[in-house]
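Subject: Structure handover

Hello,

Here is the structure I promised to pass on. Please open it alongside this note; what I found follows below.

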Amino acid sequence: FIQALQLPADDKVKEEKDLQLTETQKKKLDIEETKRSLPIYPFRDDIIAAVREHQVLIIEGETGSGKTTQIPQYLHESGFTADGKKIGCTQPRRVAAMSVAARVAQEMSVKLGNEVGYSIRFEDCTSERTVIKYMTDGTLHREFLSEPDLQSYSVMIIDEAHERTLHTDILFGLVKDIARFRPDLKLLISSATLDAQKFSEFFDDAPIYRIPGRRFPVDIYYTKAPEADYVDACVVSVLQIHATQPLGDILVFLTGQDEIETCQELLQDRVRRLGSKLRELLILPVYANLPSDMQAKIFMPTPPGARKVVLATNIAETSLTIDNIIYVIDPGFAKQNHFNSRTGMESLMVVPISKASANQRAGRAGRVAPGKCFRLYTAWSYKHELEENTIPEIQRINLGNAVLMLKALGINDLVHFDFLDPPPHETLVLALEQLYALGALNHHGELTKLGRRMAEFPVDPMMAKMLLAAEKYKCSEEIVTIGAMLSVNSAIFYRPKDKIIHADTARKNFNHVGGDHLSLLNVYNQWRDTDYSTQWCYENFIQYRSMKRARDVREQLVGLMQRVEIDMVSNPTETADIRKAITAGYFYHIARLSKGGSYKTVKHNQAVTIHPNSALFEELPRWLLYHELVFTTKEFMRQVIEIESKWLLEVAPHYYKPKELEDSTNKKMPKTVGRSQMTD
Ligand code: ADP
Ligand code: MG
């Protein structure tokens, strides 16, 4: 610094250059120092030697020890990418893949997308030069379709293996198989918890490398009685910590974007009212749909004298490590997909976490110093009500997607596929039945031409079928937009607490009598007509970033439509055709109005309710198609359209019989408002 200032005054350019250099150099030194301080660092050479010696290696080390960010760099530095092959590393979560890639690019002083990149669904940020590639487990699963032997990789790291997502579980079987006929491929299975033994046994007793943990004690506190409103309890706890505890950042675990936004607003509101009585509190959210520049903020150092509170989904449980967390607030819940193989219904619901999860969460408080974890449930509840471990996804979600992918890879005998834990037999059978009804499989269980085309789309089979059906109903432009909008889903409408009435009125202006899918189409088309204006979004309480994402997804889908040779044609007025195309994909999701004015699903007579946000909330059409079920106080159908029962016989003749589709309501009941306003 001083040296630079001593330069002659006229040598301005050089002076600035020197100053800059010092800054960059300083940053580099900082990064170098941080890298050296990670628990994994002393074992660098050991790990490389172990990888050289063994084809498959299980790596176990505490969250934050440096597995995800460092191991690929170590391998790259040691020549594993020298022959033009890549190092791949899978992550169960999109956000983690992006954020970790960004960090590693920074550590290596390269531009993200060049030597270090990531690839997630609908977004590929890699190039010819990429040698370290982070990706979601789903993306790697897909890559098997175009490169069944993973020839372009020298090392594949299946990271966060303990999360046991469906894709990760299936990858275990696939990579184990590949390793047999590609002796040059190195395989690393990395896990944060104690499942290592199980992974080792699965991979023919592969050696386990344990990175010794460094953890400070964490004091655990429980509530005396259960909390009625845990979001509110979180707000109170944050403020209490802030007012009474020594400095140190806080991490709060919530279940999703909605909850995080509510909590954020409540906190901001109360902090504002307390005024300058407290020191500064930075409130930062992190969840899957959060734009990446906002995600990066959670890693920024807290300014001296201030405190940071991060409101996160369970993404922060093991996938992301935020330094300097001293306090953890754990309400004990997470959002999970649940599939009922008896009814074939899948629903997103908030469920209590497992003990293993609770312990991971608490551990986040003890990385840099002794910490405190505040569990917003009772000690009794922890001991007696929480399960030991989270059930792996493969045993609790719909397997349609996975089965379609495996069939597309030519794996026909799914019953004998090498699963770490096999899925329940009835779930597998149901997935096969669903794919048969969708026309993706023939009655021998073999992939049809339609099935092959469906497998081209990185979406679930129902949506793939809907997209393909657009060809027949000549509305590909509209269906692709609807598909893209459904993919970004709940994050489209913005509803600030102090402008709820305005926001809801704005939203109602987009409502379409045919239903919510068409309302979403309205939103997109109007936005497009303003030439994708930010101002328009702002005025209409629409989240610009979500729309931008929808536009990106839409572009990708259009590319895929071209790949399966479907022309883009528009049919904006015939909404019946658009709705038929949707029905061709989602005919499993049909509910019928019953006598009391409530809805029951057609095949299984399950009670379901229209979500209050829906355009059809007050309309009560006789036949409804829903996009998804969300369980809160009851089973809500989110995103519904009105359909006609005879369409079901047209699009799914081997699934529905005419007898099943008789109206159960009083035949003389007046036609609904929605029906009389329909244009078709
Ligand atoms: P592990 O995979 O063993 O859980 P990681 O490699 O993810 O550990 O993390 C190692 C360190 O890198 C942590 O201290 C973490 O805070 C830091 N880190 C990871 N991602 C980022 C990022 N995007 N920005 C800043 N620091 C990061
Ligand atoms: Mg990791």
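Two residues are in contact here if their C-beta atoms, placed from the backbone, lie within 7 Å. By that test P424 touches S341 and Q395, leaving aside residues up to four places away in sequence. Note that this is a predicted model.

P424 itself lies in the loop between α14 (400-408) and α15 (425-438). Is P424 buried, exposed or partly exposed? A residue is buried with 20 or more other C-beta atoms within 10 Å of its own, and exposed with 12 or fewer. P424 has 14 C-beta neighbours inside 10 Å, so it counts as partly exposed. R396 is 28 residues away from P424 along the chain, yet their C-alpha atoms are separated by 8.5 Å.

G79 is another loop residue, found between α4 and β2 (86-91). G79 is exposed, because 11 other C-beta atoms lie within 10 Å.

Next, the core. In soluble globular proteins, nonpolar side chains tend to be buried together. The largest nonpolar core in this model has 181 residues. Those with the most contacts inside it are A101, V252, V310, M466, L467, A581 and L624. Helix α5 (residues 94-107) gives the most to this core, with nine residues. Take L467 as one case: beyond residues up to four places away in sequence, L467 touches F457, I479, V480, G483, L557 and M561.

Now the ligand. Which residues come nearest to ligand 1? They are K67, T68, T69, R103 and F299, out of the 17 residues around it. By class, the shell around ligand 1 holds four nonpolar, 10 polar and three charged residues.

Finally, confidence. The protein chain averages a pLDDT of 90, and 94% of the residues score at least 70. Residues 1-16 have a pLDDT below 50; beyond near neighbours in sequence, this stretch has seven contacts in the model. Over residues 666-680 the pLDDT also stays under 50. The model has 20 contacts beyond four places in sequence for residues 666-680. For the complex, the predictor gives an ipTM of 0.98 and a pTM of 0.87.

Best wishes

Terms used:
Residues are numbered from 1 along each chain as its sequence is written. Chains are lettered from A and ligands numbered from 1 in the order in which they are written. This is a predicted model: local features need pLDDT of at least 70, side-chain atom pairs count only at pLDDT 80 or more; totals for chains, interfaces and linings use all residues. Helices (H or I, at least four residues) and strands (E, at least two) are DSSP runs, numbered from the N terminus. A nonpolar core is a set of buried Ala, Val, Leu, Ile, Met, Phe, Trp, Tyr and Cys residues joined through C-beta atoms within 7 Å. A residue is near a molecule or strand if its C-beta atom, placed from the backbone, lies within 6 Å of it. Ala, Val, Leu, Ile, Met, Phe, Trp, Tyr, Cys and Pro count as nonpolar, Asp, Glu, Lys and Arg as charged, and the others, Gly among them, as polar. pLDDT is the predictor's confidence in each residue, from 0 to 100.
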